[in-house]
Amino acid sequence: MTAVELVEVGPRDGLQNEKTVLSVEQKVELIVRSLDAGVRRVEAVSFVNPARVPQMAGAEDVMAGLPRDRGASYIGLVLNRRGLDRALAAAVDEVNVVVVSTEEFSRRNQGCSVDEGIAAAVDIVRDARAAGVFATVTVAASFGCPFSGEVEPAHIGRILARVAEAEPSEIAIADTIGVGVPAQVRALADVATANAPGIPQRWHFHNTRNTGYANALTALETGAAALDASIGGFGGCPFAPAATGNIASEDLIYALDRSGVRTGVDMARLVDAAGWLGSALGEGVPALLGRAGGFPSDSGPRALE
C-alpha cells in the first residue's frame, strides 16, 4: 500500500486570510483537534510581523500551549532571520521558509527581490539545520503568479538548484493561487528531481479552479513524500488577489483512503474539526458548501454533509 504524509496547514495558511482572528486558545484547540485525527505534522504558526498579518499574532503563545507528548512535529513559517530567531526560541520542530518565484509577488509578499529571497532562504536553512531543526524551502507561485502570469518550470528549476545548495530537509512546490493542472505537476516534479536530487518533495495546492485534488493525486503518482491541506478548505494569501482556499484535509483524506493510500488520519474527525472551525470563524465551511449526499455514516467513508 502506498503511503503519504498529510501536513495540516490550516492553523497557518487556513487562518491567515480570514477576517475573524482566533484567540490563542482557539488556535491551540484547532491544532489539538488535528492531532486527535491522527495528523502528525502541523504548520502551527507563522513568525511574521503581526501588523501585516494580524491573524498570525501570538505565535509564541500558541507554541507554548501545544502538547509535546503526542508525537507531533510543529512547523513555524519564517521569512527572515528575525523570524528564524523567534522560531528557534519558541522550540519549533521544523521551519518552513518561503521563496516567491516572481519579482512583483516577492516584493509584495516579503518586501524583497527573488534573489534576495533565495539568499535569505539559504542562510535560514543552513542556520536551522545547524540548530538541529528540520528545514523546508517552499517555492511559492510555482504554477503561476497573480501579477506576472505564467511561470515557466525551467525558472522554478533554477530557483530549486540554488536553494538545494543549502541542503534543505525538504522542498515544497506551491500552487499559491490555484492555477495549476496535472500536466504542470508532472513537469515540475521532473524539474525538482533534476535540480534538487534526493530531496523529498512536498506539494501545496489551492483549489481555486477545482483542480487541486487532481493535482494532489498526480503529485502522489510522481513520488510526493507529503501533501499540504487545510481543515475545511479554509485558506488563501493576503497578498494574492482572488486566491481561494487550500484543498481540504478531509476531502484529500477521502480521496487517498479510497485510493488505497495510507495516511493514518481519521477523516471523520477532520470533518468534525472543520465544523468546529467554521463555527469559530462564524462562517460556512468552504469544502462542505453545496455538498449533498455521500456514503451513509455506518457503511464506508463518512458522509461529508
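User: How much space lies in the largest pocket, and which residues are closest to its centre?

Analyst: On a 1 Å grid over the protein atoms alone, a pocket is an open set of points where a 1.4 Å probe fits, with protein on both sides within 12 Å along at least five of seven lines. Its volume is the space filled by probe spheres set on the points. Here the largest pocket holds about 590 Å³. Lining residues have an atom within 4 Å of a point; of the 39 here, Leu77, Leu79, Val98, Asn109 and Gln110 are the closest to the centre. The model is predicted, and totals for linings use all residues, whereas local features need pLDDT of at least 70 and side-chain atom pairs pLDDT 80 or more. Residues are numbered from 1 along each chain, and side-chain values use heavy atoms, without hydrogens and water.

User: Which residues of α8 are buried, and why are they on the same side?

Analyst: Buried means under 20% relative accessible area and exposed over 50%, with a 1.4 Å probe and protein chains only. In α8 (residues 182-195), Val185, Leu188, Ala189, Val191 and Ala192 are buried. They share a side of α8 because they cover an arc of only 165° around the axis, taken from the directions to the C-beta atoms. Ala183, Asp190 and Ala194 are exposed on the other side.

User: What covers the buried residues of α8?

Analyst: Contact means heavy atoms within 4.5 Å. The cover includes α7 (153-164), β7 (170-175), β8 (201-205) and α9 (212-221).

Definitions and conventions
Helix = DSSP H or I, 4+ residues; strand = E, 2+ residues; numbered from the N terminus. Expected span 1.5 Å × (residues − 1).
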